[in-house]
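Visitor: I want to learn to read a model like this, feature by feature. Where do we begin?

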Amino acid sequence: MKLENTEKRDTQIANEYKAEKKWEESRIFEYNPPTPEQLSSKEVPPEGEVVTMAYPYMNGILHLGHAFTASKVEFAAGFKRMQGKNILYAQGYHCTGMPIKACADKLVREIDLFGQNFERCTLKDLVEEELETAPAPTQSDTKEDVTKFGSNKSKAAAKNIKTKYQFQIMLSIGVPLEEIHKFADPQYWLEYFPPRCRTHLQRFGARIDWRRQFVTTDANPYYDAFVRWQMNRLKELGKIKFGKRYTIYSPKDGQPCMDHDRSSGEGVGVQEYTALKLLVKEWPEAIQTKISNSLPGDAKVYFVPATLRPETMYGQNCCFVGPNLTYGIFKAAENEYYFLSPRSARNMAYQGLFPEWGVFPQVAELKGKDVIGTLVNAPLSVHKDGVRILPMETVKDSKGTGVVTCVPSDSPDDYATIMDLTKKADYYGIKKEWAELEILPLIETPSYGNLTAKALVEKFKINGPKDTKLAEAKELAYKEGFYQGKMIYGEFSGRPVSEAKNLVKQKLIDSGDAFNYGEPDGQVISRSSDVCVAGLLDQWYLNYGSDDAEWRDTVLDWVNNDLETFQPEVKHQFQQTIDWLNQWACARTYGLGSQLPWDHTFLVESLSDSAIYPAYYTIAHYLHKEMFGKEPGILGIKPEQMTDDVWDFVFARTDEKPQTDISEDALQTLRQSFEYYYPTTFRASGKDLIQNHLTFYLYVHTALFPRKYWPKAIRCNGHLLLNGLKMSKSTGNFLTLEQAIEKFSADATRVALADAGDGMEDANFEESVANAVILKLYTLREWCEEMIRDARVVESADQYAKVIAEEKLKSYDIVQRTGERLIWDVLFENEINSLVRETEKSYTASWYKAALKSGFYDFTAARDFYREATKAAGVGMHKDVITRYVELQALMIQVPAPHWAEHIWSEVLKKDTSSQESRWPSVPEPDAKLTAIREYVRTTSSNITSAEGLQQKKLAKGKSTSYAVDKDKRLTIFVAKSFPAWQDKLIDLARGALEGLSLDIKKIVPKIPKPETKRSMPFLQSLKKSLDSGVSANNTFNRSLSFDELEILNQMVPGLKQTVRLCKEVILVSVTDEGKSGVVVGQDGKEGERKKELPPQAASATPGSPTFAFENI
């Protein structure tokens, strides 16, 4: 979006700079714990709390997605400050791990290739040619690959200039070309980006205590000591172990590739299989020569299918390959060879399954169709003479080994394929008897009997192996078999499948007929652009998950019973993650970070050094003066003095004083600060971190800290869209935080972020909203300034009318009366009191969009109604009421738009303190009677003006109207004092049919005379709807008004004459006899002329719902 006129924005930005300078000079966000003297005094010190967000990674500047998460912390900090709490909001900079090192290494290569300033890079180097059409997929998959380029162009291939090189990415985020070469040194990233992160957050108006900032890695020796202490203590507690385990591994980098080391595939783990060894008994005649030329005469070749259901191997009756897939025969040991996909062979090479690490020697290449008909021995199978290799067109080489063993008793896929092969043997080029082996019942299930696959294929009417309903059938078969099934064949017959599964697996492994095999459960690409594998490595790992059930259950119990997650979905995702999360590699050899204390060849992994750093915020400024820890902090403590025992004492793990030369006062200062602020009471993060960082955060806190310091609340948000689309640099739909602030101002950006959404679903930052906020804030600021600075004060409504009639003023809003409150003043005060309380509830629940609505949009709408109502009534606004409104509006918007609030608070209202020191206002409980009057006035006014508007539209379309719209008119309002008798009778019937809060209308209908049914049913439905919504029976059935309707209408008469076009007279008629007659009521409330015949609409009037008629005069 391009902004045409920036004057209003520029005015807002100028005010923002002024406010930020004031806050920085006053050090208003620098809180400290109470001193011992304050603690011993009678005055209760403010409550200390820590609020944080997951610190951003320093391989670039902050974008709007970072700002969205930061805004949640910002709003929480702002509101908690207004509650009088001592809020610690600090900021660290995450630099650990591979991303920075990988990017720096890319720049080294690019500088070698193109020169220091990339002067040898030509346009040709930047152009990537794309295929004219995407290659057809070789098999169905669960989702379309949307990354493939498709085109019908018949001429030259399409060309795009993309950010192909790292130096282009650096240019795109604003790094000057001549400076990019410096980033070939990883440490330069730490010097360049953290200061910019601080600058942009300061411009955002973040309420951060910058004394506490720090970078991670050994670049800060204090934080380095903190990480080493954490790892030492976890190891001593048995939470860190060493051994062989599967992990996602990058062969190129030579180390595990954890979530933060990946350019794609975050959250992907290792899927473990049982790999079977099906020994070849006889090759097809057509390839025997090729095989004999490739292998020794006595070679044993095994087809190697990977299965998740080893307990079903008794029922194997064939083995499938993809006829069009490419396979290899790989040497696994002396005289032993495996037939499988090259992708799976590459995985096995890093699991000790081939002679040499990382090498998978291929001796032959074959298509799947070449081996159709091969006779193999299937371990455990009832078919002892062997089974055949058969074609299956839906086999993938992206999962498993590309070889699939067939168990048609319990796999719907296998059953459907076997039936298809049997029917079309000639088409597939096989012998029919190869597919007709007996299907052995293996597992008895309550829902599907002992042939689950057959039952499900028939139930879903599946027509063949490509039927889309197979996916659902397969899932049902697995769940039913595993959770409800019982073995009915084999040595484990009678046992539940859930028990037999691992027993059968171990039997196969012990006999040498199978081995363990793992692979990534999805593609993972490292930051170095390597396709990762599953490696079986000797490594240090955090023992999350079922191996330490006590630890896991402690975390789960905290999530279930104590942790505030604000949304049920967040709690559910934590529960799911804790259920599946397993051991996590906590060390690597490449990248930036702290050395593993007991093995300096390893660095602590980036998600393992960032689990408890909010605790570090509580003492950071005491330890060092700047982010790198080069200069000791105010206590004069050196990094080497921060021993493990000192950290234990500081973080209240022990009361025993450590052996140290740190003074006792300094130790007590550190500990007191931690105990005062901790635990974290609000932590904001993107939802994607639940599956790793946030769950680790809970695990490590429960391991290292006493229970009272465990995290109290975690608030997760969805990703941020920009203008309804995913943010992407390549498409240009992208905004950095700096750009957003420059374009819209800080406050307009903040308000638009609050408006973007609060739930787990993706939120949406609309530039049009941010642009509209600029105007709304500007006009509201101008109006507030006029109301306070230029007020023209009068003593009464009569004086107001006189000034309006006799004087010419730029704005008549500035004419404000004093003296007694009128009905409009009281209604407005009651409404804004209600909105203050509603806004407080939303902030407390961290629903910031709702708080913005009630505290900003509804607040100004209430003011607008008050302005128009008092203007139309000819009485004007009350000075004290308006001053109170301006003050409350500044306080309501202080959380999302603090710069604007500061201007109004300090410059307009002339308060002695900063708005940042203001407290949440205490307002009276809203008066239900006044609330009812307000809604009555609004609804009645809206109904009347809408009715007249409808007549205007009819006239514009050339249709006839019931009166002359463009001539003087009279408005008659019909008011009922009582409800119709027929409704009272229905209410009596409803009371009798009520059961709890449920109204059974069917019981009432037989008691209603048939002529009354038509008008009775809508009324009964309205009663039922009210009860179903939770309104009590008493409130639903007792319909008396809490106010005098005629009195309120008389107050409305002057305003109606102003708002209804050419309305010269308003008459109020109190109807009787169910609307057949009535009496005119004057403005003094006295009855006048009696009317015996009234128009039809008079009969529709009920208390609180008047009807009306227009007529010309």
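Guide: Begin with a loop residue. Ser745 is found in the loop between α23 (737-744) and α24 (746-756). Helices (H or I, at least four residues) and strands (E, at least two) are DSSP runs, numbered from the N terminus. Ser745 has a positive phi of about 90° although it is not a glycine.

Visitor: What should I know about the model itself?

Guide: This is a predicted model, with residues numbered from 1 along each chain as its sequence is written. Local features need pLDDT of at least 70 and side-chain atom pairs 80 or more, while totals for chains, interfaces and linings use all residues; side-chain values use heavy atoms, without hydrogens and water.

Visitor: Is Ser745 buried or exposed?

Guide: Read the relative accessible area: buried is under 20%, exposed is over 50%, partly exposed is in between (1.4 Å probe, protein chains only). Ser745 has 1% relative accessibility, so this residue counts as buried. Across the protein, 54% of the 1113 residues are buried.

Visitor: Which other backbone angles deserve a look?

Guide: Leu380 sits in the loop between β18 (375-377) and β19 (387-391). Then check omega. From Tyr678 to Pro679 the peptide bond is cis, with omega near 10°. Pro679 belongs to the loop between α21 (664-677) and β30 (680-686).

Visitor: How many helices and strands does the protein have?

Guide: There are 36 helices and 44 strands. Along the principal axes, the C-alpha atoms fill a box of roughly 120 × 85 × 70 Å.

Visitor: How do I read a salt bridge?

Guide: Side chains of opposite charge can pair when their charged atoms come close. The cut-off: a side-chain nitrogen of Lys or Arg within 4 Å of a carboxyl oxygen of Asp or Glu. This structure holds 71 of them. One joins Arg228 to Asp224, with the closest N and O atoms 3.1 Å apart. Both residues lie in helix α8 (residues 221-236), 4 residues apart, about one turn of the helix. Arg228 is partly exposed at 32% relative accessibility, whereas Asp224 is buried at 11%.

Visitor: What does the salt bridge between Asp261 and Arg588 tie together?

Guide: That pair meets at 2.3 Å, N to O. Asp261 lies in the loop between β8 (255-256) and β9 (262-264) and Arg588 in strand β27 (residues 587-588), so the bridge ties together parts 327 residues apart in sequence. Both Asp261 and Arg588 are buried. Bridges can also share partners: Arg233, Glu236, Asp644, Asp645, Asp648 and Arg653 are joined into one network.

Visitor: Which residues form the positive surface patch?

Guide: Lys953, Lys954, Lys957 and Lys959 form it. Patch residues have over 30% relative accessible area and no salt bridge, with like charges joined within 9 Å. Lys953 is placed in helix α31 (residues 928-956). Lys953 is exposed, at 58% relative accessibility.

Conventions. Patch = residues over 30% accessible without salt bridge, like charges linked within 9 Å, V, L, I, M, F, W, Y side chains within 5 Å. Areas by Shrake-Rupley, 256 points an atom, 1.4 Å probe, with all protein chains shown as cover. Lys, Arg positive; Asp, Glu negative; His and termini not counted. Charge placed at Lys NZ, Arg CZ, Asp CG, Glu CD.
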